[in-house]
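Thanks for coming, everyone. I'd like to walk through one model today, so let me put it on the screen.

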Amino acid sequence: MFSCNTSTSGHSTFLLTGFPGLEASHHWVSIPVNLTCVVSILGNSIILLLIRTDPALHEPMYFFLSMLAASDLGLSASTFPTMMWLFWLNARELPFDICAAQMFFIHAFTYVESGVLLAMAFDRFVAIREPLHYATILTHSAMARMGAAILVRAVLLNLPGPILLRRLLFPQISVLSHCYCLHCDLVGLACSDTQINSLVGLVSILFSLGLDSFLIVLSYALILRTVVSIASPGERLKALNTCVSHLCIVLIFYLPKLGLSVLHRVEKHNYPALAVLMANLHFLVPPFMNPIVYCIKSKQIRQGLLKSFKRKRVDVS
């Protein structure tokens, strides 16, 4: 433990933490972690390139998927550097400014991803509830406004965090709970009064993840209500099948977050390695799984990949 008697504001050094008890094996632990990050970056980059170059994918559903891939790339780029420095180089120290900047981008891209998942739920609702008016409701300008609103909300909700952190006093050296900087972790290390920071963090979560999850559940309740009113069982199954990919991604995004929240409040101190594992799953699994889920479930994505592969083979020949 480091004493708060030597606390400073804005000039603290933060020490990253890997997996407690596995410090000697960090080089081995880094292999699956780094492979996951690399596959996430490659998979989401391919999805973005495919949607941009294939005219058959220039539909609202795939534009939202490209937004999701972009947010996944941002999240991977925000967490991957400090993971690599810690596991490969055993470099644990981060100055305050870099830590605060990483915190901002991690939370901002998380909120962007949550907002995009809500937009995709709205897309599925409109497609099932108003199929004849789908193209007139989800126009290019409407999607652009939704994307801009999601981005602006993420920035505005996270901007006060780093600013308010500068008013806090920290020990000269502080030990983080993870291999990246999170708002709740930094606030918990402060020596001064953190009520305003905690309140701002709570409001930020409620107006992003909390509101988005509630509206996603509401959207699916309305979707089920619409599907039940469809007379043909085959049409019901077809309508529900269009939601499977999005529902899988929603569960992949929110379940690790829920598990981490429960673990932090119940057994974090008894099983610190499990808490770190859950946190890493929360930030690593969604960017890794999202391209895989859509490649498996979306026939158009698979066909686009196949056409791109065939075209490259012809060009090489």
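Let me start with a question: which element gives the most to the lining of the second largest pocket? Before I answer, some housekeeping. This is a predicted model, so to speak of local features we need pLDDT of at least 70, side-chain atom pairs count only at pLDDT 80 or more, and totals for chains, interfaces and linings use all residues. Residues are numbered from 1 along each chain as its sequence is written, and side-chain values use heavy atoms, with hydrogens and water left out.

Okay, the answer is α9, with 4 residues. Helices here are DSSP runs of H or I with at least four residues, strands are E runs of at least two, and the numbering goes from the N terminus. As for a pocket, on a 1 Å grid over the protein atoms alone it's an open set of points with protein on both sides within 12 Å along at least five of seven lines; a cavity is a set where a 1.4 Å probe fits but cannot get out, and lining residues have an atom within 4 Å of a point.

This pocket has a volume of about 500 Å³, volume being the space filled by probe spheres set on the points, which are joined across faces, edges and corners. It has 19 lining residues, and R124, K238, A239, N241 and T242 are the closest to its centre. Besides α9 (233-241), the elements giving two or more residues are α2, α3, α11 and α12 (299-316). The lining splits into 8 nonpolar, 5 polar and 6 charged residues. Nonpolar covers Ala, Val, Leu, Ile, Met, Phe, Trp, Tyr, Cys and Pro, charged is Asp, Glu, Lys and Arg, and the others, Gly among them, are polar.

Now, the cavity: a search of the whole structure finds 1 of 30 Å³ or more. Its lining is N44, I47, L65, L68, A69, D72, N290 and P291, and α2 has the largest share, with 4 residues.

L65 takes us to the largest nonpolar core, where L65, L117 and I216 have the most contacts among 42 residues. By core I mean buried Ala, Val, Leu, Ile, Met, Phe, Trp, Tyr and Cys residues joined through side-chain atoms within 4.5 Å; buried is under 20% relative accessible area, exposed over 50%, partly exposed in between, with a 1.4 Å probe and protein chains only. Here α3 gives the most, 11 residues. Leaving out residues up to four places away in sequence, L117 touches L68, I216, H246, I249, V250, F253 and Y254, contact being heavy atoms within 4.5 Å.

Those last two bring us to the rings. F253 and Y254 form an edge-to-face aromatic pair, 4.9 Å centre to centre with 85° between the planes. Phe, Tyr and Trp rings (the six-membered one for Trp) pair if their centres lie within 6.5 Å; planes under 30 degrees apart are stacked, over 60 edge-to-face, the rest tilted. F253 counts as buried, at 2% relative accessibility, and Y254 is buried too, at 16%.

And why is the F96 and F170 pair called tilted? Because the planes sit at 50°, with the ring centres 6.0 Å apart. F96 is in α3 and F170 in the loop between α6 (160-165) and β3 (173-175), 74 residues apart.
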